[in-house]
Amino acid sequence: MLAIKSPQSYHHQPGLRARVGEYIASRAKNISIITSPQAWQAVNPELEASLQQHQIRYRVSFLAGECSGAAIANHRAQVTEQAATLVMGIGGGRVLDCAKAVANGLQNVAVVTMPTQAATCAAWSPLSIIYNEHGGFERRQTLSDMPLLVLVDSEVIARSNVRYLKAGIVDALAKWYEFRPYQQVDGESLSLNLKVQVAQLALDVFEQYGAQAISDNARHQVTPELIKVIDANIALAGLVNSMRGATPTPGLAHAIHDRLTHQGELHEWLHGEKVGFGLLVQSLLENGNAQADSKLLSLLHEYDAPLILPSLQGDRRTVISAIAREVKFTREDDAAHLLFAFTASTIEEALLATENRF
């Protein structure tokens, strides 16, 4: 079995925000925009001028807080009341996931995503991640329909904080480290082989252009190197996530990320930063807590991924033990497809091994 989902079109161009109306006009004339105040400011006045030039009616709604079930229901009701035929998400991962989930629950309503950061592959990914109102992970919602368009403006992304690009690189490189262990068990799986090959392509991009792209982003300059890394963070990572085989292959570092979102002390960590810490824990699990993979450790250092948990409320050892017990795959038998033990006790040992070691 092999299933691949993808957006209908992916467009990446510096200054693209001034052409949004051109891309949307033939598809919808009444649209609902879900964004954040900071993201809306980042794409304007050019985007609004383009919409007005092409006589596109639009209503702007700001996502307040998390991409939660309540937020999705609220925005979906607004789209229905407006009778919009297209939802456009403009912003970071939580905004894009909300926009995708809103459109996914409505008939004959398309979705367009426009990331203002390259911190995740949410603009492309066939999932929406749903959190509770406090930012704790609840579930992954599979999309029945992919985005109609993914619109990427590297000028906008170049002006974002370089921390987002670093976190996006770590989230993207995680795909290779998360799927490779499954490939070692099932080397005949076409979906796994494709996943790992595309993930390897992203790793190659980071090795060649990552350092320069970080420097360019810090100087808010669009360069060929930055463009390549943005595409790797969004398109290549998104493509990896869009491939499915007969056997589920959940990302171990992302499972650790999911539990960490319930830890209030880590709410300031970005998605990719939590995933990076999860990769360190995964590497220790693979190596029996002896030592993390040296290449991975070098990458995590290069992109400033946190390698130790911050101060925790309560007895530190007790909290770490609770975290370990509550790291889970959606299906308990998924861990059987790994060559190493993924249990509460081994996770706790790996978490403890991160303390003051890296």
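A salt bridge is a side-chain nitrogen of Lys or Arg within 4 Å of a carboxyl oxygen of Asp or Glu. Keep that cut-off in mind for this tour. The model on your screen is predicted. Across the whole structure, a search finds 15 salt bridges. We visit some of them.

**Stop one: helix α7.** Select Asp 171 and Lys 175. Their closest N and O atoms are 3.5 Å apart, and the two residues form a salt bridge. Both belong to helix α7, residues 162-185. They sit four residues apart there, so about one helical turn separates them. Are these two buried or exposed? Asp 171 is buried, and Lys 175 is buried too.

**Stop two: from α7 to α11.** Now select Arg 180 and Glu 286. This salt bridge also has its closest N and O atoms 3.5 Å apart. Arg 180 lies in helix α7 and Glu 286 in helix α11, residues 271-286, so the pair ties together parts 106 residues apart in sequence. Arg 180 has 17% relative accessibility and counts as buried. Glu 286, at 26%, counts as partly exposed.

**Stop three: Arg 17.** Select Arg 17 and Glu 155. Their side chains meet in a salt bridge, 2.9 Å from N to O. Arg 17 is in the loop between β2 (9-12) and α1 (20-24), while Glu 155 is in helix α6, residues 154-158. The pair links distant parts of the chain, 138 residues apart. Arg 17 is buried because its relative accessible area is 7%, under the 20% limit. Glu 155 is partly exposed, at 29%.

Terms used:
Residues numbered from 1 in each chain as written. Predicted model: local features only at pLDDT ≥ 70, side-chain atom pairs only at ≥ 80, totals over all residues. Heavy atoms only, no water. Helix = DSSP H or I, 4+ residues; strand = E, 2+ residues; numbered from the N terminus. Buried < 20%, exposed > 50% of the residue type's maximum accessible area, 1.4 Å probe, protein only.
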